[in-house]
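Welcome! Let us take a short walk through this structure together, one region at a time.

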Amino acid sequence: MSNTATTSAPQSTGKKLSLKENYALLTRDLGWDPSYQKAEDIWRNVQFEGIKIHDWDKWEDPFRLTMDAYWKYQGEKERKLYAILDAFQQNNAQFNVTDVRYVQALKLFINAVVGMEYASHRGFNIIGREFPGTAARIAAQMQAIDELRHAQTQTHALSHYNKYFAGMSNFPYQYDRTWYLSIPKSFFEDAVSSGPFEFVVGICFAFEYVLTNLVFMPWMSGAAYNSDMSTVSFGFSAQSDEARHMTLGIEVIKFLLEQDPANVPIVQGWIDKWFWRGYRLLSLVAAMMDYMLPKRVMSWAEAWEIYYEQNGGALFADLARYGIRPPKHADVTVKEKHHVGHQLWSTFYQFRHAAGFPVWLPKEEEMQWLSAKYPETFDKYYRPRFEHWAELEKQGTPFANPTLPQLCQTCQWPLLFTEPDDPTQICYREGAYLGEKFHFCSDGCKDIFEKEPEKYVHAHLPVHQIYQGSYFMPDVNPTAPDFNPLVEALRYMGLTAGHDGGDFNTHIDAKNWEAWTKRPANAHAPHVTPTAPDTPERKAA
Amino acid sequence: MSTQAIRPGYHGTMKDTVDKFHGNQILNIGWDQHLMYATPMCIPVPPAMPFGALVQQVLPGLFGQHPQFAQIDWTKTQWQRSGEAFTPDMDKSLADNGLGHKAMLRFKTPDQPGLAGAAF
């Protein structure tokens, strides 16, 4: 193989290289023109998506980060992060957070987000091999390491909470099996199983650039508001990587759009798809912001206005010169922002026996905040439900939904979203393919299915899998007289009510919190003692 | 449109065909404008189950906690099958009422419009 650099990089003369020279050698000199293998045999997967690239050298790495600089920066961040985590642990600072409801938001993070970081790492490893352009490959490889680092630092930071609180100890197992965690899992598996260009547009641009501020900004400021310096620190440690990923995302888009006009409609289709997929995925954050944080930072509606409507609006105005328009169905997200958090919390409340975290009803002070933040919708549509359910709890006959929900074939959420213009009516969308019916939560999800039905027909929908009998442990005998498929399915998912999900007031975390800290488990209900006359238990290791 | 794939002829297996449900079929059921039940339900049912048995024996387990459920006048209930209005024959099976695998059955009870004026 002849090792001929594709561009003339400065030759080493023994003296220390400038950063620019170092970067040029790192990237361009790692590439060569193959002489005894055909290029299309080496770069096997860059043709089939229809994207046309004429000159990979036009790829501008916005950071020109060299490997030694990368290790140096990341190493410094790690040292700072782990010093803070050590101090946090030595001070038992897990007991300084507002109350133990806050810890339940961390359970969403360890069970849902860490698995996505790892899946993203796998995706970037794949595309780090696929692109003929060396600079693009290096950028993908660095991001692969970043994502793995995020999964690790998040696991390390949260492992301290795991010593004291339930429902965090089995996160990789639950990520693969718990019914609502199929939402993040299927999102990344959809991305990883697409082509390299779709992955890079979907994840680097539509998800990282347009949407992830909605995860990191509210989550980390929520952590700060609620005195969790551990989470703030891993958030900041990841955020500087996220800033680099976002810059990469915009570079990817501009590169693809400038290379060939035929790329524009393909890229637009991916933006439409991954914006909607990402938006549906992030609805979980709406529930976290509006209901789970004891001290609230801002509402989901406010966050959506800042991070999508304003920032995204400016971004798509800028991209208009390439012929790119804002994502399809973005108007629906603006209508839904007044509803999704409330609709999700209502759903988690009624399925709390099957959740990985306990669920509670908002108290009056919290409902006043929700009324102020959602003046058009909260008092009219959502306050009556929470008051009705609170009354039933008071009477000792709490409401729960014992049946399994109908799921969307694309995003895998239950059909919990209402019509964009009618908050009294669930949004039903139906399609048929090869003689079989398929159901969707929205026009956005229906569009995605109809573009690629061959792919989504084999979506793994947990509710259907339970009824097919594939969600049972090997020791289960479905013909036994006392066989209960729903109980057995929860055991398969690794969920135990009272330990993972269930009622907050009777949850082991609430009992232990009050015994250990002598402070209320629910800061908005300081006079409610968790129904726990028994001595607090150390959670099972 | 179809999936752009590495090899021509890509097609995922149909994951949820009726043969995988042990003689049952999937039925999705929603009670319009009663959002106490935040999502429609998904249940396995024998295709030969009479529609009347669904109403009398199955629906109370799904929706019976709603205080208006007991007051429903089933003769006035409006039914939808995949978004189209239809009049079920209570004595005929689900299959003979046109409710096949993964059917979407919705019902509306105008005399019981949901609580709090909020479709709850």
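The paragraphs below visit a helix residue and a hairpin in chain A, and then a sheet in chain B.

Please keep in mind that this is a predicted model. Leaving aside residues up to four places away in sequence, A:Ala489 touches A:Ile466, A:Tyr471 and A:Phe472. The chain also brings in A:Arg177: 312 residues separate it from A:Ala489 in sequence, yet their C-alpha atoms are 9.6 Å apart in space.

Next comes the hairpin. Strand E3 (residues 429-433) of chain A is joined to E4(A) by five bridges, and the two run antiparallel. One of the paired positions is A:Tyr433, whose bridge partner in E4(A) is A:Glu436. Two residues sit between the strands, and A:Leu434 takes a positive phi near 50° in this hairpin. Strand E4 (residues 436-440) of chain A has four of its five residues buried, so the rest of the structure largely encloses it.

Now turn to chain B. Here five strands form an open sheet with mixed pairing, in the order E2-E1-E5-E3-E4. Strands E2 (41-45) and E4 (84-86) of chain B stand at the edges with a single partner strand each, so one side of each has no neighbour in the sheet. On average, neighbouring strands of this sheet are turned by 35° against each other, direction ignored. Helix H1 (residues 51-63) of chain B packs on the sheet, and its direction makes about 65° with that of E1(B).

Methods. Residues are numbered from 1 along each chain as its sequence is written. Chains are lettered from A and ligands numbered from 1 in the order in which they are written. This is a predicted model: local features need pLDDT of at least 70, side-chain atom pairs count only at pLDDT 80 or more; totals for chains, interfaces and linings use all residues. Side-chain values use heavy atoms; hydrogens and water are left out. Contact means heavy atoms within 4.5 Å. Buried means under 20% relative accessible area, exposed over 50%, partly exposed in between (1.4 Å probe, protein chains only). Two strands pair if DSSP finds at least two bridges between them. Axes are lines fitted to C-alpha atoms, for helices over the stretch in contact, and angles run from 0 to 180 degrees between N-to-C directions.
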